[in-house]
Amino acid sequence: ISAAQEAPKMGEEIYKSACESCHSGGFKGWVTGAPKTGEIEEWKPFIEKGVVIMTENTIKGTDGMDPNGGCKVCNPEQIRAAIDYIISNTQ
C-alpha cells in the first residue's frame with residue numbers, strides 16, 4: 001500500500017476509534033455540540049478556517065472537545081488524517 005493510499009485508511013481508522021462517538025450525531029454529539037460528519041452546514045464555519053487551523057484546534061482542544069479530540073495516542077499526522085477523512089465525507 002502506498003503512502004497516498006495509507007493516509008485515508010489511517011484517517012478512517014482514527015475517526016472510527018476516536019472521533020465517531022461525538023461526530024456521528026447521537027447523544028454524545030448533542031451534549032458536546034460536535035458537528036455531525038456529513039452535515040455541510042454544521043461544518044462550513046470550521047472548513048472555511050482551513051485544515052491547518054482545524055488541526056491546531058483539535059490538537060489543543062476546544063470548548064467541548066478534549067485535546068487531540070480525545071485520542072490519547074494520536075500524533076499530529078493522525079489527527080490531520082482524521083480531519084481529512086471528516087472533510088472528505090462532508091463535502
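How many residues of the lining of the largest pocket are nonpolar, how many polar and how many charged? In this predicted model, the lining divides by class as follows.

| Class | Residues in the lining of the largest pocket |
|---|---|
| Nonpolar | 16 residues |
| Polar | 10 residues |

**The largest pocket**

The volume of this pocket is about 590 Å³. Its lining comprises 30 residues, of which His 23, Ala 34, Thr 58, Thr 62 and Met 65 lie closest to the centre. At least two lining residues come from each of α1 (3-23), α2 (26-32), α3 (40-49), α4 (51-60) and α5 (76-88). The largest share, five residues, is supplied by α1.

**The nonpolar core**

The largest nonpolar core contains 17 residues, and those touching the most other members are Ile 14, Tyr 15, Cys 19, Met 54, Cys 74, Ile 83 and Ile 87. Two or more residues of this core come from each of α1, α4 and α5. The greatest contribution, seven residues, is made by α5. Beyond its neighbours within four places in sequence, Tyr 15 is in contact with Glu 20, His 23, Ser 24, Thr 37, Ala 82, Tyr 85 and Ile 86.

**Helix α4**

Within α4, the buried residues are Val 51, Met 54, Thr 55 and Thr 58. These residues lie on the same side of α4 because they cover an arc of only 100° around the axis. An α-helix has 3.6 residues a turn, so residues three or four places apart point the same way. The buried residues of α4 pack against α3 and α5, whereas the face turned away from the buried side carries the exposed residues Val 52 and Lys 60. After α4 comes Gly 61, with a positive phi near 90°.

Notes: Residues numbered from 1 in each chain as written. Predicted model: local features only at pLDDT ≥ 70, side-chain atom pairs only at ≥ 80, totals over all residues. Heavy atoms only, no water. 1 Å grid on protein atoms, 1.4 Å probe; cavity = no way out; pocket = protein on both sides within 12 Å on 5 of 7 lines; lining within 4 Å. Points joined across faces, edges and corners; volume = space filled by probe spheres on them. Helix = DSSP H or I, 4+ residues; strand = E, 2+ residues; numbered from the N terminus. Nonpolar A, V, L, I, M, F, W, Y, C, P; charged D, E, K, R; others polar. Core = buried A, V, L, I, M, F, W, Y, C linked by side-chain atoms within 4.5 Å. Buried < 20%, exposed > 50% of the residue type's maximum accessible area, 1.4 Å probe, protein only. Contact = heavy atoms within 4.5 Å. Arc of directions from axis to C-beta.
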